[in-house]
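Here is a colleague's note to read alongside the model.

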Amino acid sequence: MRSRQTRLLVFALGALALLAFVALRLTALRRVAFNWDELVLFQSITQSARDGIFRSGGRPGLTQLVLSPLVAACQDEIATGRAARTLWLGVTLVYLTGIAALLAELLRGSERRLHDVGLGVALLGLLPVFLEWSLQVRTDQLALAGGVWGGVALLASQRRPSLALAAGAALALGWLSSQKLAYVAALCGGLALVRLHETGWQARRELARAAFLGAGASSVWLGFRTLLSSRYELTPGHPARDVLPVPLLRAQFDVFDFYRGTIGWDQYLALLPTLVPHLVLLAALAVVTVRSLRRGALDRRALAAWLVLATGIAVGLFHAAAFSYFWMTLGLFPAVALALAAEPIRRELFAGRERELRVAMALLWTLIALQGAVAIVRQLDDTQAVQRESIAFVHRNFGAEQVGFHPEAALFCGPTPPLGNWFSYRIYRHFGGAEREAEVERFEKTFRKVPVRYLVQSFRLNQFPPELREYWAANYQPYHASVYVAGRRLQGPQGAEQPFELIVPGRYRWIPVGAPASIRVGERVLRPGEVMDLEAGAHAAHFEADVPDGVLVLALAEPPRNAPLSFYKAY
């Protein structure tokens with residue numbers, strides 16, 4: 001009776017913890033700032049809906065297709081992003097439950113299978129870096145969910161070969177979201193080979209599994225391509241038409257080389273303090289391995305754990321874009337490996353020492369839960385507020401036809417910006433060649449021709465050439481939150497004259513700073529707050545009195561306040 005009551009209590013506490021976790025994540029997705037990758041993903045959907053040309057950022061595009069009903073005809077960027085995040089929280093939970101199912105399949109017959117499954121899920125799901133980046137809408141989660149559930153079905157198909165049909169379908173769905181599926185497929189394929197070695201080769205069974213696997217994958221692929229082709233135009237070389245287009249592979253390897261030379265392993269090294277539970281278990285596995293080898297017999301699960309870790313290391317070395325968010329994928333390998341290693345660790349290091357085992361596991365779980373709880377609480381800070389305020393300000397003060405510039409498509413619900421999106425790789429490649437000066441000049445001319453009425457702040461603005469940064473500093477003034485408005489900063493002593501240029505024609509307001517001084521532009525005297533129409537081109541300001549500081553900016557309905565602020569949170 002006591003054992004049953006204990007189980008019921010553990011189940012109830014687990015259910016409450018899960019509900020609390022989901023509730024906190026739902027709160028966090030409304031408060032954590034959107035990432036630039038999310039914004040560009042959303043924009044690819046709105047652009048595809050407008051002109052019928054399918055865009056998916058070098059991926060087949062299942063994520064874009066799934067999100068299209070929520071995003072394609074959006075009017076409110078923040079509400080749309082929140083809705084997409086809510087859906088993607090469900091996808092992330094499917095990924096985590098898939099890890100649990102995969103471990104439950106791998107640990108069949110284990111004495112403490114439930115505990116070890118939970119440990120494996122917690123080693124990834126409560127990792128601060130996972131909690132940070134999995135809140136975002138990325139192609140990764142759908143690929144990872146397809147990968148782990150495909151692995152579950154693939155392993156189970158050794159008992160029921162027809163399940164390989166589901167495995168092929170799940171793996172294909174993962175690939176159609178992101179090619180990162182290949183990494184999870186390598187893990188699951190390796191585990192399937194280990195299982196095959198243990199159970200023995202049966203030719204008819206394996207041929208049936210291979211046939212079912214191929215049928216499931218090809219059916220999903222053809223169905224997806226048919227559906228996509230009926231709704232959009234697919235350009236030549238699109239990965240939804242060809243499984244691995246050669247130009248796309250070359251471009252991806254070029255990106256790998258770029259990030260290998262810029263960020264290196266810095267972001268991974270910064271994660272080390274949060275990996276203490278993993279490192280402790282890894283050290284324990286190493287001790288178990290040494291002892292087992294001295295006896296001449298290595299536990300099969302310890303061996304499988306090392307094989308999984310080796311696969312993860314190979315993936316990490318190959319995938320040179322070593323950003324923190326890749327740990328949603330890379331973190332799967334140590335989580336699975338260390339869950340596999342839990343039983344041999346207990347048997348080798350804690351045989352006959354149940355009390356010490358309980359203390360050790362309590363300390364380990366406390367550390368895992370504590371750092372996860374701290375990360376979850378930190379995500380309740382409202383870093384999204386500046387984005388909400390900046391985007392709302394733009395909508396209140398600029399029409400859809402009035403163009404602004406943000407390198408990563410903050411206003412993705414609006415018309416397609418003429419300048420496009422600019423990530424670090426594109427900036428350095430575009431302005432780093434022999435045509436650098438000509439490209440800078442062309443960029444400036446585009447700002448004048450459009451004209452661009454406002455900028456939305458991004459750290460990537462500082463990655464553009466110094467000439468462009470100076471150009472923006474001269475022609476755009478911080479106005480509200482993260483928004484800079486076209487205009488010039490003017491200052492000088494009484495009687496002086498300051499020549500200046502405007503690149504945007506329109507109604508301008510004089511806003512002095514520090515003293516209520518007037519200026520004269522042409523024949524018109526502008527008192528504080530007064531407005532006049534000005535053409536683009538050269539002008540001159542005559543100072544009727546000392547002007548310590550002031551801005552002549554596009555006349556908007558709202559006064560300037562709380563600027564400049566960073567549009568993105570610090571990572």
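The points below go from the whole chain to single residues.

1. First, some ground rules. This is a predicted model, in which local features need pLDDT of at least 70 and side-chain atom pairs count only at pLDDT 80 or more, while totals for chains, interfaces and linings use all residues. Residues are numbered from 1 along each chain as its sequence is written, and side-chain values use heavy atoms, with hydrogens and water left out.

2. The overall picture. The chain holds 21 helices and 11 strands; these are DSSP runs (H or I of at least four residues for helices, E of at least two for strands), numbered from the N terminus. Its C-alpha atoms fill a box of roughly 95 × 55 × 45 Å along the principal axes. Of the 571 residues, 51% count as buried. Here buried means under 20% relative accessible area, exposed means over 50%, and partly exposed is in between, with a 1.4 Å probe and protein chains only.

3. Surface and contacts. The accessible surface of the chain is about 26,100 Å², and 62% of that belongs to carbon and sulfur atoms; such areas come from the Shrake-Rupley method with a 1.4 Å probe, and for residues only the protein chains shown count as cover. Among contacts with a separation of 6 or more, 78% are between residues 24 or more positions apart, where a contact means heavy atoms within 4.5 Å.

4. The disulfide. The structure has one disulfide, defined as a pair of cysteine sulfur atoms within 2.5 Å. C74 and C413 form this link, with their sulfur atoms 2.0 Å apart. The pair joins distant parts of the chain, 339 residues apart: C74 sits in the loop between α3 (62-71) and α4 (77-106), and C413 in the loop between β1 (403-405) and α19 (424-431). The link is left-handed, with -125° about the S-S bond. C74 is buried at a relative accessible area of 7%, and C413 is buried at 13%.

5. Helix α8. Buried residues in α8 include A164, A167, G168, A170 and L171. The cover over the buried residues of α8 includes α3, α7 (139-156), α9 (181-199) and α10 (203-231).

6. A nonpolar patch. W265, L269, L272, L279, L282, I313 and L317 make a nonpolar surface patch of about 660 Å². Patches are made of residues with over 30% relative accessible area and no salt bridge; like charges are joined within 9 Å, and nonpolar side chains (Val, Leu, Ile, Met, Phe, Trp, Tyr) within 5 Å. A salt bridge is a side-chain nitrogen of Lys or Arg within 4 Å of a carboxyl oxygen of Asp or Glu. Helices α13 (276-295) and α14 (300-318) each supply at least two residues of the patch.

7. V440 and its surroundings. V440 lies in helix α20 (residues 436-449). V440 is buried, with a relative accessible area of 6%, and touches F431, P465, E467 and L468, not counting residues up to four places away in sequence. V440 and E467 are 27 residues apart in sequence, yet 7.4 Å apart in space, C-alpha to C-alpha.

8. Buried or exposed: which is A538? A538, in strand β10, counts as exposed at 73% relative accessibility. Leaving aside neighbours within four places in sequence, A538 is in contact with F500 and E501. By contrast, D549 is found in the loop between β10 (537-543) and β11 (550-554) and is buried at 18%.

9. Backbone details worth a look. The peptide bond from V450 to P451 is cis, with omega near -15°, and P451 lies in the loop between α20 and β2 (452-456). A409 has a positive phi, near 65°, in a residue other than glycine, and A409 is buried at 5% relative accessibility.
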